[in-house]
Every structure is written in C-alpha cells, then in structure tokens.
Amino acid sequence: MRKVDRTALPRRAQTYLDSRQATAGVRQAQGTLNIDREWKAARQTQAVGVVLATLRQMMGLRERCMYCVDSHGTDIEHFRPKASYPLAAFQWSNLLLCCTECGRFKGSSFPMAGLSPLLIDPTVEDPWRHIDFDPDTGNLSARFDLALGKWSAMGEATVEVLRLDRREAMATGYLRCFRRLAALVRTAMPRLADGTTTATALSGNLKDADDHGLLAWCLGGNGRVLEPFNELHLQYPGVWVECVAAIQ
C-alpha cells in the first residue's frame, strides 16, 4: 500500500462533477434522486472519462488499485458508498481507483467510529501508519500502536473489509516486491563501500522496483529493523537519509 497524492482535476471535468453534484442535491431535496441512475448516466460521459484517466495517472505507469496496490485499477470507486452518501457521489475527493477484487470485497461496506471513517483512504492517510506487512507470508495486517498499546482500529477495519490477510495472489506480489528491494540493498552495500555506486543510484533503483509501495514500510515502518535494511541504516546513515527523503 502507499500514500497517494491527489492531483487537481482538469477544470472542465471538475466543473462537470460540481454541476452533477448540484443537480443531485436538488433531486435529493425533492425526494426524486436515484443516485445509481445518475452515476450510470454520468459514467458514460467524456468528463468522467477524464476523471478515470486522472486517477490512473495518480497511480503511475502501472495504474495499480489504490487499495491493494497489487492489481490493475479498473474503475472509479466511491470511498463513501454512493448509496449511503449520495451527496458525495460526484465529489472529486470521494473518488478512488479500484481493482475488481477490492471493489467486490468492499461493496457498500463503510465502517465508522462515530463520525470518522475506519476504512483507510490512501489519498488522505498514510496506510503504513495503520497497516503492517509480514515478510514471511506477504500478508497485510493491522499495525500495533505501541504508544496506544492497541491495534490500529483503521488497520483492523481496512484489513477486514478488503481481506488483506487472506489474498494469496496479492501476498505473493508483496513478497516478490519485498525480496527485490532487499536484494537491491544487499547488492548495493559493498558497492557503496568501494564507491562504485551512490545513494542517489540506490534510491532510484529502489523506487523503480517498488511496485507495491513497500519502501515506506521497509525504511519507515517495522521493516527498518530487519536485515538488510537495518544494516544499511547502521553502516550508511547518510545513504539511509537520502533513500528516506526520496520516498517522501
């Protein structure tokens, strides 16, 4: 998983969403709103095609799902389900890129703690504040917060809704990514010692290999205490700082 920077929509697409949302608000007040029909009609327009294209651009060349970062993102996802939150159906801040499997698991689920969502919105929250990675199985689980002495509630809810601890194919993808990153660090350390590579080269190679957003866990989460990342931290603190800066 990874934190996703939300970019601004092209002006015409944003104006279209605003117009559709205003219309939905009027129809909601009149008691005539059918949000599924409204969205289905809008989904066929060029403007919403631009919305989808923008979401894909936000996820880079491989256009991964914003929830699992393992599968290809296939369609627009409503973070707050449109059936329960029709007045958020056309809000740009409520739209994500989702794969078929995550969309099927999430469905209309939207756990809350009072007025606050428990599901992680990766364009708002850094998922690694709430999610942990198991380098033995590849599964994702809730992160234990030592300061609070309990598991992250957002992590628990997100793992449960999206079944992040029960998806074998996804776990395999995360394991392969972790092993690539670890191999790059192991290969680079003797070259850092003899000057045949640089911190800039290593950080660039790590970013290129990180197709699951795991670098933030390896360098800033619980992964930093594991070999070989702990060795890089101890032996080459300057390189470590540059690698951490490269992912922020």
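The model is predicted. The protein chain holds 10 helices and eight strands, and its C-alpha trace spans about 70 × 40 × 30 Å along the principal axes. Of the 248 residues in the chain, 45% are buried. Contacts between residues at least 6 apart in sequence join residues at least 24 apart in 70% of cases.

**Largest pocket**

- The space in the largest pocket comes to about 810 Å³.
- Its lining consists of 27 residues, and those nearest the centre of the pocket are Arg-2, Lys-3, Asp-210, Gly-213 and Ile-247.
- Helix α8 gives the most, with four residues.
- By residue class, the lining of the largest pocket divides into 11 nonpolar, 10 charged and six polar residues.

**Second largest pocket**

- About 260 Å³ of space lies in the second largest pocket.
- This pocket is lined by 17 residues, with Ile-76, Glu-77, His-78, Lys-82 and Gly-107 closest to its centre.
- Two or more lining residues come from each of α2 (35-43), β1 (75-78) and α4 (100-106).
- Strand β1 supplies the largest share of the lining of the second largest pocket, at four residues.
- The lining of the second largest pocket has six nonpolar, six polar and five charged residues.

**Packing of α1 against α3**

- Two packed helices are described by the angle between their axes and the distance between the axes.
- For helix α1 (residues 11-30) and helix α3 (residues 46-58), the angle is about 115° and the axes are 9 Å apart.
- The crossing of α1 past α3 is left-handed.
- On the α1 side, the contact is made by Ala-13, Tyr-16 and Leu-17.
- On the α3 side, Ala-47, Val-48, Val-50 and Val-51 make the contact.
- The residues of this contact divide into seven nonpolar, no polar and no charged.

**Backbone geometry**

- The peptide bond from Glu-227 to Pro-228 is cis, and its omega is near 5°.
- Pro-228 sits in the loop between α8 and α9 (229-235).
- Glu-63 is a residue other than glycine with a positive phi, near 50°.
- Glu-63 is placed in the loop between α3 and β1.
- The relative accessible area of Glu-63 is 23%, so this residue counts as partly exposed.
- Val-69 is not a glycine, yet its phi is positive at about 55°.
- The loop between α3 and β1 holds Val-69.
- Val-69 has 2% relative accessibility and therefore counts as buried, the cut-off for buried being under 20% relative accessible area.

**Lys-106**

- Lys-106 is part of helix α4.
- The relative accessible area of Lys-106 is 1%, so Lys-106 is buried.
- Apart from neighbours within four places in sequence, Lys-106 is in contact with Tyr-67, Glu-77, His-78, Phe-79, Pro-81, Leu-119, Val-161 and Leu-162.
- Helix α4, where Lys-106 lies, is one of the elements that give two or more residues to the lining of the second largest pocket.

**Leu-202**

- Leu-202 belongs to helix α7.
- With a relative accessible area of 2%, Leu-202 is buried.
- Leaving out neighbours within four places in sequence, Leu-202 is in contact with Leu-184, Ala-188, Leu-192, Leu-232, Val-239 and Cys-243.
- The C-alpha atoms of Leu-202 and Leu-119 are separated by 34 Å, and the two residues are 83 residues apart along the chain.

Conventions:
Residues numbered from 1 in each chain as written. Predicted model: local features only at pLDDT ≥ 70, side-chain atom pairs only at ≥ 80, totals over all residues. Heavy atoms only, no water. 1 Å grid on protein atoms, 1.4 Å probe; cavity = no way out; pocket = protein on both sides within 12 Å on 5 of 7 lines; lining within 4 Å. Points joined across faces, edges and corners; volume = space filled by probe spheres on them. Nonpolar A, V, L, I, M, F, W, Y, C, P; charged D, E, K, R; others polar. Axes fitted to C-alpha atoms, helices over the stretch in contact; angles between N-to-C directions. Left-handed = near helix turned anticlockwise from the far one by under 90°. Contact = heavy atoms within 4.5 Å. Buried < 20%, exposed > 50% of the residue type's maximum accessible area, 1.4 Å probe, protein only.
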